[in-house]
Amino acid sequence: MTVKVRFAPSPTGKLHVGNIRAALVNWLFARQQNGKFILRIDDTDLERSTKENEAAIKADLEWLGLKWDETFRQSERFERYNEVVDALKKSGRLYSCYETAEELDMKRKIQMGRGMPPVYDRSALDLTDEQRAAYEAEGRQPHWRFKLNTPARVEWTDLIRGDVSIDLEALSDPILIREDGSFLYTLPSVVDDVDFGITHIVRGEDHVTNSAVQVQIFEAVGGSAPQMAHFALMTGKSGEGLSKRHGAMSIEEYREQAGLEPMSVVSLLARVGTSEPVEAFVNSSELIDGFDFSKFSRSTAKLDPADLDTLNAKILHMTPYDAVASRLSGVNEAFWLAIRPNLNKLSDVAVWQAIVEGPVTPVIEDPDHIGKVRALLPDGEITPGTWGIWTNRIKEELGVKGRALFMPLRQAITGQDHGPDMGVLLPLIGRERVLDRLNG
């Protein structure tokens, strides 16, 4: 069996960390199993779905390296869904209901007031043709519910949660089609999973009850339910809901505003909520090789978006020049290796380019001292060995060492009190600029 999983975003908005975590878990599992990762665009909501959002979703996935093997849009499959609807109506599994939202809410309140579970009473099954016609004469349009076979328990062995058992009598018959004829998520999703041979459904634990309902829908449309894995949901680091206020932005914002490397996002989301520590990875190969559902925790996954900055810096510090050369302008490998340990974001490269190439404002607190060390600068072209020779001369001639030796030189030459090792930075600045800066 070839493993086939799917990620099914709705193009009604931007992808956020919760969406991407679902996509990433599916993608890692598919790659670890040498399977297929399907991108399904859930655009049955024709009014709110946009091509711009669909393009943004694909751009986010591509930026993160989550390449899909197949893709399709649900809006292209309405004819197929309607075929299934007709069959379910004929078999009596899909039935029309005419209650308004207000009437359904009143029913629920009455049930709860009597200490009963707020489960739909199936009164619509007893409607006569005359009653249906009367409702429609009033201008009411039916919504359509799937009739669950009850009493029954749906059971499966979840790849993360273990044995799951759901009592369907505690659930209402799910609405599959709205009054305006549009589909809710459930039916098209099941039909697609059957038609495209999805072998595993991997998603958040908030879908566990939906999964139990869908098991019967799979059977009703002539399919069988895929294996399932439901992972714990994410919260903020203190258990609060994820929101922009707590640093949880859209993936597009992480890329364009925060300037993060894609692997910082992948590194964090691949490990949060598992038994493995969060680490920085330059590529996904190790994450793929080590993927295992047994490592997922049943406890809520707590995400601290601030970790992204730390991971981003660590990833840049490990990134070889060849991996970023196409994204850099006027930077050779020697320059990259010199400044790499001091980068937090790739945009910091421009800061160090300006410091190397100038102009900079030297910081000189003791001009007399700087004049003396300038005279001790070795003759000829500056090489990687120049810094050591020069500082040894300063120690011998002027009797200074440690911070008193190094900090005045760094401040005079770079205008900064921190930065890359001066031994590798000095040759990049060059003799002429070094002398000019020492002159103030």
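Me: Which residues of α6 are buried?
Reply: The model is a predicted one. In it, the buried residues of α6 are T186, L187, P188, S189, V190, V191, D192 and D193.

Me: And what does that say about the helix as a whole?
Reply: Since 8 of the 10 residues of α6 are buried, the helix is largely enclosed by the rest of the structure.

Me: What follows α6?
Reply: α6 is followed by G197, which has a positive phi, near 65°.

Me: Now the rings. How many aromatic pairs are there?
Reply: The count comes to 12 aromatic pairs.

Me: How is the pair of F29 and F293 arranged, stacked, tilted or edge-to-face?
Reply: The ring centres of F29 and F293 are 4.9 Å apart and the planes stand at 50°. Planes under 30 degrees apart would count as stacked and those over 60 as edge-to-face, so this pair is tilted.

Me: Where do the two residues lie in the chain?
Reply: F29 belongs to helix α1 (residues 17-32), and F293 to the loop between α10 (285-289) and β12 (301-303). The pair links distant parts of the chain, 264 residues apart.

Me: Are they buried or exposed?
Reply: Both F29 and F293 are buried.

Me: Which residues form an aromatic cluster with F29?
Reply: F29 forms one aromatic cluster with F291, F293 and F296.

Me: What about Y81 and F183?
Reply: Their ring centres are 5.7 Å apart and their planes are at 75°, so the pair is edge-to-face. Y81 lies in helix α3 (residues 78-90) and F183 in the loop between β8 (175-177) and α6 (186-195), so the pair ties together parts that are 102 residues apart in sequence. Both Y81 and F183 are buried.

Me: Changing topic to charges: which ring does the charged end of K89 sit over?
Reply: The charged end of K89 sits over the ring of W144, at 3.9 Å from the ring centre.

Me: And the charged end of R255?
Reply: That of R255 sits over the ring of W63, 5.5 Å from its centre.

Me: Last topic, T235. Where is it found, and is it buried or exposed?
Reply: T235 is found in strand β11 (residues 234-236). Its relative accessible area is 15%, under the 20% cut-off, so T235 is buried.

Me: Which residues is T235 in contact with, leaving aside neighbours within four places in sequence?
Reply: With those left aside, T235 is in contact with E240, L242, T300, A301, K302 and L303.

How values were computed. Residues numbered from 1 in each chain as written. Predicted model: local features only at pLDDT ≥ 70, side-chain atom pairs only at ≥ 80, totals over all residues. Heavy atoms only, no water. Phe/Tyr/Trp six-rings, centres within 6.5 Å; stacked < 30°, edge-to-face > 60°. Helix = DSSP H or I, 4+ residues; strand = E, 2+ residues; numbered from the N terminus. Buried < 20%, exposed > 50% of the residue type's maximum accessible area, 1.4 Å probe, protein only. Lys NZ or Arg CZ within 6 Å of the ring centre and 35° of its normal. Contact = heavy atoms within 4.5 Å.
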